[in-house]
Amino acid sequence: MRIMDAMNEARMVSSDSFRYRNKHKTTVLVLQGGGALGAYQAGAFEGLAEAGIVPDWVAGVSIGAINAALIAGNPPDRRVERLRHFWDQVSSISSLIPPSMLEPIRPMLNSLSATTAVTFGVPGFFTPRLPPPYFAFDGSEGALSLYDTTPLTGTLEELVDFGLIKKGDVRLSLGAVNIKTGNSIYFDNRQTEIGPDHVRASGSLPPGFPPIEIDGEQYWDGGIVSNTPLWYVLDDSPRMDALVVQVDLFSARGGLPRKFDEVLEREKDIQYSSKTRFNTNRIKELAERRSGR
């Protein structure tokens, strides 16, 4: 599925699913990791916006952290525009749209697009290391990842108002993992002045992306510990009256793989969906305890 297709499909599904009045005190949007599937999150948010669902708190991990920053770092009337700008930009190098007569070979064209991104990087997001890390000096920044995410800093500074995030009208929580301790940590604008590096840290999945240093500590992608921020939301505010919307990108159920690409896809679905189900079940347990069942 092309990135813009994913956005449009998610927009229609979420818009149709949420046409009711929210009676809760708080609305929380939970955005997990998933690479290019983050485009689906952007489309889902557009659908929610059309349905009148406006988040008071956005929690994100990995690509979800970038989307979360774009949402919290813009006024409501610019959020969809900024999300589309970002996804248009990062997909421009691989936007192969075949005519209908070539539809049977779309999987091959998709693989070609992915290969292009792996080889040349993604505009405004990351560029390949030259020389590759295998030829860099041990301990140097270039030895620790295949790509450099410095271009993402400029993109975030262009599309995100970090002063607005600091103001805190919308709560923003971004998950990362401390490399030395192995512990999950959340950068939260209630306690931390969030900048581009905090967003980059949340999405720095090794070995592709490098560690990001913040206040003398090194961080990687928060999805290494847990791909969903739902547990953080629950632990921080277990008794809040909230509508929690989680954009679930991975299906626990699926068919048997028939080729190698499908093996990798199915493995990721099972791995990530298991943590989502664990946290969802925990929500149900907490709700039942509160209701005295």
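Predicted model: local features only at pLDDT ≥ 70, side-chain atom pairs only at ≥ 80, totals over all residues.
Val247 is buried, with a relative accessible area of 7%; buried here means under 20% relative accessible area, exposed over 50%, and partly exposed in between, with a 1.4 Å probe and protein chains only. Residues are numbered from 1 along each chain as its sequence is written, and side-chain values use heavy atoms, with hydrogens and water left out.

Let me stay with Val247, which is found in strand β9, residues 242-247. Strands are DSSP runs of E with at least two residues, helices are runs of H or I with at least four, and both are numbered from the N terminus. What does Val247 touch, not counting residues up to four places away in sequence? Its partners are Leu29, Val30, Leu31, Gln32, Tyr40, Gln41 and Ala44, where contact means heavy atoms within 4.5 Å. Gly64 lies 183 residues apart from Val247 along the chain, and the C-alpha atoms of the two are separated by 9.5 Å.

I turn now to the nonpolar cores. A nonpolar core is a set of buried Ala, Val, Leu, Ile, Met, Phe, Trp, Tyr and Cys residues joined through side-chain atoms within 4.5 Å. The largest one has 50 residues, and those with the most contacts inside it are Leu29, Ile66, Phe86 and Phe125. Helix α3 supplies the largest share of this core, 8 residues. Leaving aside residues up to four places away in sequence, Ile66 touches Phe86, Phe125, Leu152, Leu156 and Val199. A second, separate core of 10 residues includes Val28, Tyr186, Leu230 and Val233. As general background, nonpolar side chains in soluble globular proteins tend to be buried together.

Next, the helix pairs. Axes are lines fitted to C-alpha atoms, for helices over the stretch in contact, and angles run from 0 to 180 degrees between N-to-C directions. Angles under 35 degrees count as roughly parallel, over 145 as roughly antiparallel, 65 to 115 as roughly perpendicular, and the rest as oblique.

Helices α2 and α3 pack at about 30°, with axes 9 Å apart, and are therefore roughly parallel to each other. Gly38, Gln41, Ala42 and Phe45 of α2 meet Ile63, Gly64, Asn67 and Ile71 of α3. By class, this contact has 4 nonpolar, 4 polar and no charged residues. Ala, Val, Leu, Ile, Met, Phe, Trp, Tyr, Cys and Pro count as nonpolar, Asp, Glu, Lys and Arg as charged, and the others, Gly among them, as polar.

How do α2, residues 38-50, and α4, residues 79-90, pack? Their angle is about 160°, with the axes 10 Å apart, and the two helices are therefore roughly antiparallel. The α2 side of the contact includes Phe45 and Glu46, and the α4 side includes Leu83 and Trp87. The contact residues divide into 7 nonpolar, 1 polar and 3 charged.

Finally, the axes of α4 and α6, residues 150-159, come within 11 Å and cross at roughly 155°. That makes α4 roughly antiparallel to α6. Arg82, His85, Phe86 and Gln89 of α4 make this contact with Leu152, Thr155, Glu158 and Leu159 of α6.
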